[in-house]
Amino acid sequence: MTACATITASPARDAVRLRRMSVALFLGGFSTFSLLYCVQPLLPTFARTFGLSPAQSAMALSLSTATLAIAILMAGGAAQRLNLKTLMFSSMVLAAGCNLAAALAPTWPLLLVARAAEGLLLGGVPAVAMTYLAEETEASELAAAMGLYVAGTAFGGMAGRVGMGLLLATFDWRMAMAAIGAIDLVAALAFFALLPRPRHVRAPAPERLSDRLRTWNEAWRRPGLLALFGLGFCLTGVFVALFNYVEFRLEGAPYHLSQTQVGLIFLVYAFGVWSSSTAGRLAERYGRRRLLLVGLAVILAGIALTLPTSLASIIAGIAMVTTGFFIAHAVASGWIGRLAGPAKSQSAALYLLFYYAGSSLAGAVGGWFWRHGAWPAVAGFTAVLVLAGAALALRIPREDPS
């Protein structure tokens with residue numbers, strides 16, 4: 001009888017551990033992306049307050065994602081030798097503090113400095129979270145756990161954008177940014193309390209640069225990984241460029257929506273929460289590459305729906321873009337761990353480097369298209385990125401290498 005109890009207790013403990021891990025990393029995704037994207041609804045406000053063009057105001061987001069991309073490479077190396085839980089928690093707390101500093105910044109250059117530092121600090125979460133999941137979960141659990149983490153990023157992106165819009169109905173933009181920072185400090189504390197300690201112990205000796213370069217070179221050469229890196233660039237480039245400039249479109253003629261009304265449109269992120277949390281299970285059932293192509297097709301159809309002047313059509317298009325994006329991103333990010341072999345942390349870092357580089361570059365370049373061709377030009381630019389992503393998806397092997 002005692003033996004039976006012993007046998008059944010271990011699976012029960014593993015289930016509790018997996019549940020706590022999933023909830024904690026959901027909070028990690030929430031905190032990271034609500035901090036990162038809370039400024040997106042403020043881009044028209046920044047343009048008016050500081051006398052900026054749309055492309056210049058977009059630097060509040062593009063600069064953060066650029067420094068985040070750089071930091072992810074350093075975090076990927078640190079993940080080989082530091083406690084993953086401590087690294088993620090410290091990053092979340094310090095980044096929330098930078099958001100508070102940005103809220104208090106008296107000038108545009110100082111606000112950009114705070115946002116750049118925030119992105120640099122947030123680099124300690126995304127790549128490390130992917131590494132943590134790849135190392136601490138069984139292969140059969142990885143897709144579902146990664147899907148839930150990506151759902152947390154979707155919920156965080158929605159909370160940052162919608163929450164900012166709702167706060168602006170009562171407070172000025174500085175108070176609204178400070179409130180987002182305070183909420184994410186609480187989320188960081190809950191994350192630390194819930195996340196189980198990693199089971200894998202790393203050697204304290206620093207990793208040599210030559211070792212890291214060799215590991216990155218191996219990641220480049222593994223079948224399918226380079227295509228996944230490029231796909232990440234295309235995905236986030238589409239998503240950020242569309243969301244950056246649809247706000248300028250909707251606040252102008254003929255819509256004249258308020259910031260709060262535009263913020264409420266970001267409730268379509270709920271489709272992203274749902275699609276990313278189910279994408280992992282669907283990928284296991286129907287195949288990753290097939291689901292990637294479905295996600296990209298949904299994005300392309302959504303872009304087409306934003307072209308008419310009907311507000312209902314625009315909102316429906318944004319919802320489809322969001323759904324397709326999170327399907328594709330959940331599948332691609334989960335696939336990295338399966339294709340990377342022993343170089344999981346470096347491969348995750350390289351994927352996210354491309355991912356956030358796409359956000360920074362396409363978010364900035366989208367301003368040129370907006371200025372010279374308004375919304376049709378932005379839609380055309382993002383449609384080209386989707387087609388490039390589909391071409392890359394077709395280059396990924398059908399089956400995972402053994």
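## Cysteines

Cysteine 234 is buried, with a relative accessible area of 7%; buried here means under 20% relative accessible area, exposed means over 50%, and partly exposed is in between, using a 1.4 Å probe and protein chains only. Cysteine 98 is buried as well, at 14%. A search of the whole structure turns up zero disulfides, a disulfide being a pair of cysteine sulfur atoms within 2.5 Å.

## About the model

This is a predicted model, where local features need pLDDT of at least 70, side-chain atom pairs count only at pLDDT 80 or more, and totals for chains, interfaces and linings use all residues. Residues are numbered from 1 along each chain as its sequence is written, and side-chain values use heavy atoms, with hydrogens and water left out.

## Salt bridges

The structure holds two salt bridges, each needing a side-chain nitrogen of Lys or Arg within 4 Å of a carboxyl oxygen of Asp or Glu. One joins glutamate 251 to arginine 48, at 3.4 Å from N to O. Glutamate 251 sits in helix α11 (residues 225–251) and arginine 48 in helix α2 (residues 43–50), so this pair ties together parts that are 203 residues apart in sequence. Helices are DSSP runs of H or I, at least four residues long, numbered from the N terminus. Glutamate 251 counts as buried at 18% relative accessibility, whereas arginine 48 is exposed at 55%.

The other pairs glutamate 118 with arginine 115, and their closest N and O atoms are 3.2 Å apart. Both residues belong to helix α6 (residues 108–122), three residues apart, or about one turn of the helix. Glutamate 118 and arginine 115 are both buried.

## Helix α14

Helix α14 covers residues 288–305, and its 18 residues should span 26 Å at 1.5 Å a residue; the end C-alpha atoms are 26 Å apart, which agrees. The expected span is 1.5 Å times one less than the number of residues.

Buried residues in α14 are Arg288, Arg289, Leu291, Leu292, Gly295, Leu296, Ile299, Gly302 and Ile303. They cover an arc of only 165° around the axis, so they sit on the same side of α14. That arc is taken from the directions from the helix axis to the C-beta atoms.

## A nonpolar patch

On the surface, Ile70, Met74 and Leu120 form a nonpolar patch with about 300 Å² of accessible area together. Patch residues have over 30% relative accessible area and no salt bridge, with nonpolar side chains (Val, Leu, Ile, Met, Phe, Trp, Tyr) joined within 5 Å and like charges within 9 Å. Methionine 74 is part of helix α4 (residues 59–78), and at 48% relative accessibility it counts as partly exposed.

Technical notes
Helix = DSSP H or I, 4+ residues; strand = E, 2+ residues; numbered from the N terminus. Areas by Shrake-Rupley, 256 points an atom, 1.4 Å probe, with all protein chains shown as cover.
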